[in-house]
Every structure is written in C-alpha cells, then in structure tokens.
Amino acid sequence: MNDKKIELGLRFDNSYANELEGFYVACLGAKAPSPVLIKLNETLSQHIGLNTTSVEDLAKLFSGSESPIGASPLAQAYAGHQFGGFNPQLGDGRALLLGEVLDGSGERVDIQLKGSGRTPFSRGGDGKAVLGAVLREYILSEAMYALNIPTTRALAVVTTGESIYRKQYLPGAVLTRVASSHLRIGTFQFFSSRGEQGKVKQLADYAIARHYPELKDSKQIYLDFFCAVRDKQAELVAKWLLVGFIHGVMNTDNMTISGETIDYGPCAFMDNYGADTVFSSIDRNSRYSYANQPIMAQWNLARLAETLLPLLHDDEDEAMALATGSVTDFWDIFQHHWVVGMRAKLGLSTEDEGDFALGEQLLASMSEEEVDFTNLFRCLIRDLESDTTESAKLFNHAEKYLLWRKSWIARLAKDKLSLSERITMMKAANPLYIPRNHQVEYAIEAAEQRADYQPFEELITVLANPYTVQVGAEKYSEQAPSSFGVYTTFCGT
Ligand code: AMP
Ligand code: MG
C-alpha cells in the first residue's frame, strides 16, 4: 500500500485494532498491478454508508493497493482444528481486516479483503485468491443472505491483473467481505492452546460486548456466552439443512462466534437428496457430509467450551460438568430449530409431537431416490394448489413417499390454516431458486475464460429473490443436465 488514503465517508471505529493488541499483526495489502472493479454490491455499499467515489479508487481500495481514511489494516491470529487435527497457528494468511464500520443501522461490521496478499500468517501460501473462487463466494454468500440465513456478505469483487498459479494460471482477484465480526472458535483456541488464559478472558469479554451485550450483567456470564454461541450455531446449522446447504469445511477456524456462515470454499447446495452428500474433494472421510453437520457443529462447540473451562468455574470438575451439560443440550436446540423450519416447509402452523418424525420420514422416503430436494418442496405446494400428486413423479419408487404423503395430508387436516394461508406460508419457506452447481460453474467459467460477467450478473439477480417466481428464470430452478456429471469442489482458493 502506498501513503495515499481514499476518503469513502465510512464511519470507521476499529475496536479490534484498538482493544485487542497482541491478537493480530498490523499489515498492508499487496500492490495489484492493474486493479479493475468487477462488481460492487450497491445495496450493501449504501447500507454501510460508502460514498460513491471513482471506480478507479474503488478498484485500488478493494484490491488492497490503497487504504481508505480511517482504516487500520491487520491480519488476525487464530488457530483451528482442521478435519479433526489441531493446528495451533493459522491466522489470516490471505485476508486483511481493513477495520470496522458502523453501518446504517448503527451495527458494527468488519470490512475484510480476501486475497490481498501475504501476511505474517501466510505460511507457504501466496496470500492470493483467484477470480473463480471469489465469484463463487460472492454468489453463494449473497444467496444465503437472500435465503434469510445468517452469513458474511460480499461487498465487492476486483480483479488484480495478476495471473495466479493453481495447477494452471488463473486471473487473480480480491473479494471484499462484510461480516458482523471475524471472531472464530479458532481465535479462542489460539490463545488457549498457548496457555494464555488472560487473553481468552479478554477475548470473551470483547465478544460478549460486541455480540451478546445483553449478557453483561449475567452472574454466570461466560457460561451464558457459550450457550448463546451454541444457540446461534444450532439455529444456523438447522437452517443449512433445511435448504440443502453443505458447508464442506466446518473446521473450528471456519465457525464464527456471531453465528454467521463463513468461508465459502468448497460449499455447495445438494440437488438430489442424500444424507451422506459430500462435494469437497478433500473431505475423504465425509466428516462434513450433509447430515453430519450438526454433529460437527456440536464437536466444534465442545472445542470452544474447552477454551472457556477456567472461566466457567473455579472448581475444575464443576467447570467440566457445566460445559458438558451445555454442549449436550446443543442437540435438543438444534432439533427444535430444525422442526420449526420443517413445519414451515410443510405448511404447518401448529405443533404436534409427531412433526419431527414426519419431517424425517419425508427425508427417508427421498433417500436412495434421485429426488431434487429443492424442487420436491415446491412440488408439494403445486400439488396442494391444484389438488394433484405430481410430486410422486419425481420418485423412481414412490411407495414410501406416497405413504408419507398420506400422513402429511392427515396432519394438515388437523392444522387449521386455509389453503391460501398454507400456500403462502410454504412459498415463503421453500426457495424456488438456489445456487445450482451447474449454474455457478457456468457463471464462473464465462467470467474466467471469456471475461463475460453476464451469467454471473443474471444468476445473482435471480438468487436475490429466491422465493418469488421470476419470469424467464425457469432454467435456474432446473436440475443440472446429466452431462454435468458428479460435482466436486476444491479448497485452496
Ligand atoms: P481456509 O481453507 O480458507 O479456511 O484457510 C485455512 C487457512 O489457510 C487460513 O489460515 C488461511 O489464511 C490459509 N490460506 C488459505 N489459502 C491461502 C493462501 N493462498 N495463502 C496464504 N494462506 C492461505
Ligand atoms: Mg477459513
């Protein structure tokens, strides 16, 4: 970065830099040879108060080449369990926190660059990102936002003019990400694993003030803090499952304290339902498969609880008992959120103790079949609207499904909603458009190989309103052609 500072009108207030010395290393972005602004998220930029400046300035800024007035760029330290193995030192190896901004609602958000060059945490990496991966994160994270799932957001995409080597030369790019913070379970682990318990406490106090201020007068504040994070994560993972999202790399460094989805590396939405679906090429043991996600979230939360043990109680056994009980409770909380969401998907406004099983039985009827998860739920709606059973045609063997359907129809009869109320409810809970893998790949390929951003623009426009029928957007709700083949995703973006 050079000395020129760009005025953006953003209200920077860098609490991480100011309050947490020793938790980061101040550093600067690499100079991009010829930065070009490919995409600015207009609504988000307005929301955070970004004053329009020249496109050239935005390109320099969002490549990391220059810095906005008020920023205090830094790389955060963190550790993490990666696929079960502990790495005591990860950290922002290719990301730079520019600082925090108070947005239009007075909320504090991080503005972070991803792919802006090496930092002291880069280890052997180049600190860079490639255009395909950056567009992927843009598409997926904004789609999640539109699906009402807590997530980091995408503010801008800049190409740097560099070619980055990833088995082949690919265009370099930087994503600007907005998040309510980048505190991770791994941030706690970084200090806990070094025996720096004072810093764990300092971090917990900071996290409470920033994300859970309502706990400030609690008598058992650190236990309540843990439970608050647990509850957010339980709800988050339930929401993932209900839209068929597979994160793919739920390492503890990729799990936030705020409860937002973070790190859109190898994630993908499943088309055909399968509890054991995995897309990531490196997840060889299916650790982060679709149905394993709540189990892994609970496992990760147990790692967070371990870092907090000395803060939970002076007596070690008592601390352990409190932590164990709270981690165990994750399962009930997750199931609660899942059944609440499943009821909405199935058009149920009341509670019945059989609802959890009803939802599970539907999934069981889909397994071993080749049924599109998203489209089946929309077909349930159409069947209700037109009093048909077209949904059965989605199955190769519909017997199990038709049995399930009988129980569902019987359950609906006990639920007092009118047909039109039920249909409205179901339409709001079952997306028509998700980022389908073949469409995501097509958009990336067009951009990477032909600098054609039209498919990307069209895709993000459709995904911004996932519950509303959009004329001319039929292809975005269709399954991949069989020629698309088995889909595999990659990390190391
Ligand atoms: P992720 O797979 O994005 O969760 O990253 C795991 C760790 O690897 C983090 O510490 C990243 O900063 C680091 N990392 C990933 N890619 C790169 C890269 N190209 N250069 C430097 N560090 C990287
Ligand atoms: Mg990560």
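T187, F188, F191 and S192 in α5 meet Q197, K199, V200, L203, A204 and A207 in α6. Contact here means heavy atoms within 4.5 Å. By class, this contact has 6 nonpolar, 3 polar and 1 charged residues. Ala, Val, Leu, Ile, Met, Phe, Trp, Tyr, Cys and Pro count as nonpolar, Asp, Glu, Lys and Arg as charged, and the others, Gly among them, as polar.

Before going on, the ground rules. This is a predicted model, in which local features need pLDDT of at least 70 and side-chain atom pairs count only at pLDDT 80 or more, while totals for chains, interfaces and linings use all residues. Residues are numbered from 1 along each chain as its sequence is written, chains are lettered from A and ligands numbered from 1 in the order in which they are written, and side-chain values use heavy atoms, with hydrogens and water left out.

Back to the helix pair. Two packed helices are described by the angle between their axes and the distance between the axes. Helix α5 covers residues 185-192 and helix α6 residues 197-211; the angle is about 155° and the axes are 7 Å apart. That makes α5 roughly antiparallel to α6. The cut-offs are under 35 degrees for roughly parallel, over 145 for roughly antiparallel, 65 to 115 for roughly perpendicular, and oblique for the rest. The axes are lines fitted to C-alpha atoms, for helices over the stretch in contact, and angles run from 0 to 180 degrees between N-to-C directions. Helices (H or I, at least four residues) and strands (E, at least two) are DSSP runs, numbered from the N terminus.

Next, the metal. Which residues coordinate the magnesium ion, ligand 2? They are N254, through OD1, and D263, through OD, at 2.0 to 2.2 Å. Donors are N, O and S atoms within 2.8 Å of the metal (3.2 Å for Na, K and Ca), and sites may look incomplete because water is not among the atoms. N254 is buried at 8% relative accessible area, and D263 is also buried, at 16%. Buried means under 20% relative accessible area, exposed over 50%, and partly exposed in between, with a 1.4 Å probe and protein chains only.

Cysteines are brief. A disulfide is a pair of cysteine sulfur atoms within 2.5 Å, and the count by this rule is 0. C267 is buried, with a relative accessible area of 0%, and C379 is buried at 5%.

Now two aspartates in loops. D415 sits between α13 (399-413) and α14 (419-429). Is D415 buried or exposed? D415 is buried, at 3%. Apart from neighbours within four places in sequence, D415 contacts G347, L348, S349, T350 and R422. D283 is in the loop between β14 (268-269) and α8 (293-312) and is buried at 5%.

Two glycines come next. G91 lies in the loop between β7 (85-87) and β8 (95-102), and G91 is buried at 7%. Not counting residues up to four places away in sequence, G91 touches Q76, A77, Y78 and F121. G127 lies in the loop between β9 (108-114) and β10 (129-130) and is buried at 3%. How far apart are the C-alpha atoms of G127 and R94? They are separated by 3.8 Å, at 33 residues apart along the chain. R94 is also among the contacts of G127, as are G93, G115 and S122.

K167, in the loop between β11 (153-165) and β12 (169-179), has phi near 70°, a positive value in a residue other than glycine. K167 is exposed, at 79%. E368 is in the loop between α11 (355-366) and α12 (373-386); its phi is near 70°, again positive in a residue other than glycine. E368 is exposed at 79%.

Last, Y467, in the segment after α16 (454-463). Leaving aside neighbours within four places in sequence, the contacts of Y467 include A146, L147, N148, R378 and K427. The C-alpha atoms of Y467 and S105 are 25 Å apart, and the two residues are 362 apart along the chain.
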